[in-house]
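Morning, everyone. I'll take one structure today, starting with a single residue and then moving out to the elements around the sheet.

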Amino acid sequence: MKLRAGIDVGSTTVKLVILDENNQTIFAKYERHFSDVKTATKKVFKEAQAIVGDQKLALTITGSGGMGLAEVLDIPFVQEVIACTRTVEEIIPETDVVIELGGEDAKITFFEGALEQRMNGSCAGGTGAFIDQMAVLLKTDANGVNELAKGYTQLYPIASRCGVFAKTDVQPLINEGAAKEDIAASIFQAVVNQTIAGLAAGRKIKGKVAFLGGPLFFMSELRKRFIETLDIAPEDVVFPENPQLFVAMGAAIFAEEQEEQTLADLLLALDHGDQNRLAPSDTLEPLFHNEEELAEFRNRHAQATAQEKPLASHHGAAFLGIDAGSTTTKVILMDDAYRILYSHYGNNEGQPLETTIAVLEDLYDKMPADVYIAKSAITGYGEHLIKNALKVDIGEVETMAHYKAANHFQPGVDFILDIGGQDMKAMTIKEGVLSSIQLNEACSSGCGSFIETFAKSLNYDVKEFALEATKSRQPVDLGSRCTVFMNSKVKQVQKEGA
């Protein structure tokens with residue numbers, strides 16, 4: 001029995017399909033690789049080996065991350081569009097239009113008349129990675145977004161061009177208490193709008209429409225939004241078995257003429273292949289060349305600290321400062337000598353008012369009976385909401401609040417750089433006056449939530465992510481223009497084995 005296999009290495013997942021001579025699937029696996037393509041590929045090969053043993057098979061590779069791996073394994077590469085089209089023609093030949101969403105790509109293929117395909121270029125808005133980013137804001141995963149969307153009652157307009165713009169729409173909805181169910185369904189609607197407006201670009205989607213790719217397979221509510229928006233009749237909806245594996249199946253069909261080998265041979269090639277082919281091209285200077293440099297850096301920074309005083313030993317007046325940021329809430333209580341009596345820094349979970357109340361309740365529990373808050377001030381995104389709700393004395397623009405503190409610690413300061421959850425500010429001060437302020441307008445690349453999203457995509461929390469970065473000896477140059485472009489660059493360097 002001749003076995004044929006196809007492996008599809010995408011931007012976020014590895015898929016392996018093994019077919020017999022009758023095109024029947026005898027093994028199929030869909031696995032997230034968290035940017036470690038080699039480890040994920042070895043895992044699916046070993047699982048397949050448990051099923052097919054030492055039988056030889058012909059293998060072809062495809063996918064956006066597959067080219068470097070094809071060289072290491074010395075097996076043929078087939079372009080993913082060609083692979084998917086072949087599967088559609090074999091399994092669902094009645095199809096007129098295919099809508100396919102992947103981790104970072106979106107495609108529409110028109111089969112009616114001359115074959116025509118449209119694909120997203122430099123933007124990953126409206127793809128699986130976009131949904132993953134939005135899921136982080138809702139404190140869930142892509143499957144959780146789907147479950148929430150089942151209970152929606154209304155849709156909100158959310159920008160879909162890329163994750164950055166969408167975050168700017170979603171965060172205020174969370175802060176204002178919009179139902180998570182409604183936000184989830186609105187995120188799916190944004191994906192639909194982006195796909196139809198950006199890719200169909202005026203060409204009518206009609207006839208029998210097939211839905212392929214991981215996001216459309218795993219998320220029933222996303223399919224529902226497409227079907228309702230395009231007004232597709234039930235008999236014209238084509239939803240085949242295993243649509244998330246169509247590209248890998250196409251690669252397996254193309255493997256017909258290829259040389260056969262065992263999975264043991266392939267695993268050996270992964271371990272001992274030409275690893276230079278998986279070497280990133282552009283590398284930067286490391287943050288620290290050795291442990292001594294890191295220790296010196298930490299010692300230097302440890303000297304720049306604010307003075308503290310135990311709250312229990314304080315008597316009389318104290319002064320409260322609240323910073324309600326886009327993603328975090330910060331609270332400080334200090335005495336008249338600017339010594340910190342109490343501090344809090346934590347994620348606001350999209351509920352700035354509730355978070356602030358909880359922190360203040362904790363503060364009141366710890367305050368001695370003879371300590372009282374003489375004056376309070378608030379700054380940040382949630383300034384107006386919390387000032388009015390909690391009757392805070394003073395509301396201050398965050399740039400002025402930042403300057404006030406910076407000038408206290410560094411008298412005569414003339415430049416301040418502030419990186420927050422979704423914003424960055426560069427402030428220049430001349431003769432005690434803020435003379436210019438520059439801030440990010442449309443893009444949150446390089447901000448806290450941007451770093452957090454990348455950390456989660458690599459299965460780290462932010463603290464672990466930062467510690468790993470200090471150990472790097474060959475950092476790769478990812479550029480810095482925006483999240484979407486950087487996602488693509490990450491994909492490229494992971495192909496090269498970074």
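Leu266 has 0% relative accessibility, so it counts as buried; buried means under 20% relative accessible area, with a 1.4 Å probe and protein chains only. Before going on: this is a predicted model, where local features need pLDDT of at least 70 and side-chain atom pairs count only at pLDDT 80 or more, while totals for chains, interfaces and linings use all residues. Residues are numbered from 1 along each chain as its sequence is written, and side-chain values use heavy atoms, leaving out hydrogens and water.

Leu266 sits in helix α11, residues 263–272. Helices are DSSP runs of H or I with at least four residues, strands are E runs of at least two, and both are numbered from the N terminus. Not counting residues up to four places away in sequence, Leu266 touches Phe45, Leu57, Leu59, Leu73, Ile75 and Gln261, contact being heavy atoms within 4.5 Å. Ile75 is 191 residues away along the chain, with 9.6 Å between the two C-alpha atoms.

Next, helix α10, residues 246–254. Eight of its nine residues are buried, so the helix is largely enclosed by the rest of the structure. Its cover includes β1, β2, β4, α3, β5 and β8.

Now the sheet. Five strands make an open, mixed sheet in the order β7-β6-β5-β8-β9; pairing requires at least two DSSP bridges between two strands. β7 and β9 are at the edges with a single partner strand each, so one side of each has no neighbour in the sheet. β8 and β9 pair in the parallel sense over two bridges, and Ala210 stands opposite Val238 in β9.

Definitions and conventions. Buried means under 20% relative accessible area, exposed over 50%, partly exposed in between (1.4 Å probe, protein chains only).
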